Amino acid sequence: MVKLRPVVGTDLNYFSKWWRDEDLLRVTSGKNEALSNVAVANYFRSIKTTSSALHFMVDTEDGTIGHVSLQQREEGWWETQIVIGEKTAQGKGFGPEAIKLLLEKAREQRINQIYLEVRPENVKAIGAYEKVGFSRKGDTIFTGNPDQPELIRMEFHPDAMAGPILT
């Protein structure tokens, strides 16, 4: 069973571990080297201070396994991101459960236009996103970013939120 909880100061330890995992970075951001202590601390500080985003830690009975967020973007859209950082928890269905819980929180906040971007080679993540109601809406080309030259945009629309999300 998955639960979402607010981010607290000691969660910096999880971010420090996950954003130094080169395998995780490669599949999520395309980077080939771990982030510096300063970069991780700055990212974590931005999570704790932003008012235009919802950030939650993903917990199971075995402990904290990841992070999920919704960030306000342009024209009423919100971008979601999820990382299951604990390797022993990856591939066990916790990601889709966490996204479903986040979508419920979005509905409570009347957030109804949600999208995400995923690397085309992250096939497991694409399948998980489709499982919870996201659909592919096209490719975004980032010609200025060699780490992420291409991303698939997937969207979750208000009509998909009409009924209960959790089953």
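**Fold, confidence and pocket**

Author: Read from the N terminus, the elements of this protein follow the order β-α-α-α-β-β-β-α-β-α-β-β, and the model is a predicted one.

Reader: How many helices and strands does the secondary structure of the protein come to?
Author: The order of elements from the N terminus is β-α-α-α-β-β-β-α-β-α-β-β. Counted by type, the secondary structure comes to 5 helices and 7 strands.

Reader: In which element of the protein is confidence lowest?
Author: Across the protein, pLDDT averages 86, and 90% of the residues score at least 70. Confidence is highest in strand β1, residues 3-6, at 97, while the lowest mean, 77, belongs to residues 22-28, that is, to helix α2.

Reader: How many contacts beyond four places in sequence does the model have for the residues where pLDDT stays under 50?
Author: The stretch in question is residues 161-167, over which pLDDT stays under 50.

Reader: What share of the contacts with a separation of 6 or more comes from residues 24 or more positions apart?
Author: The protein has 167 residues, of which 44% count as buried. Among its contacts with a separation of 6 or more, the share from residues 24 or more positions apart is 60%.

Reader: Which element gives the largest share of the lining of the largest pocket?
Author: The largest pocket has a volume of about 1,400 Å³, and of the 48 residues that line this pocket, Thr28, Ile82, Val83, Asn122 and Tyr129 are the closest to its centre. Two or more lining residues come from each of α2, α3 (37-49), β3 (63-72), β4 (78-84), α4 (94-108), β5 (114-118) and α5 (123-131). The largest share, 6 residues, comes from β4.

Reader: How many residues of that lining are charged?
Author: The lining of the largest pocket includes 21 nonpolar residues and 17 polar ones. The charged residues of the lining number 10.

Reader: Is Thr60 buried or exposed?
Author: Thr60 is found in strand β2, which spans residues 53-60. Leaving aside residues up to four places away in sequence, Thr60 touches Met1, Val2, Ile65 and Phe94. Its relative accessible area is 13%, and because a residue under 20% counts as buried, Thr60 is buried.

Terms used:
Residues are numbered from 1 along each chain as its sequence is written. This is a predicted model: local features need pLDDT of at least 70, side-chain atom pairs count only at pLDDT 80 or more; totals for chains, interfaces and linings use all residues. Side-chain values use heavy atoms; hydrogens and water are left out. pLDDT is the predictor's confidence in each residue, from 0 to 100. Helices (H or I, at least four residues) and strands (E, at least two) are DSSP runs, numbered from the N terminus. Contact means heavy atoms within 4.5 Å. On a 1 Å grid over the protein atoms alone, a cavity is a set of points where a 1.4 Å probe fits but cannot get out, and a pocket is an open set with protein on both sides within 12 Å along at least five of seven lines; lining residues have an atom within 4 Å of a point. Grid points are joined across faces, edges and corners, and a volume is the space filled by probe spheres set on the points. Ala, Val, Leu, Ile, Met, Phe, Trp, Tyr, Cys and Pro count as nonpolar, Asp, Glu, Lys and Arg as charged, and the others, Gly among them, as polar. Buried means under 20% relative accessible area, exposed over 50%, partly exposed in between (1.4 Å probe, protein chains only).
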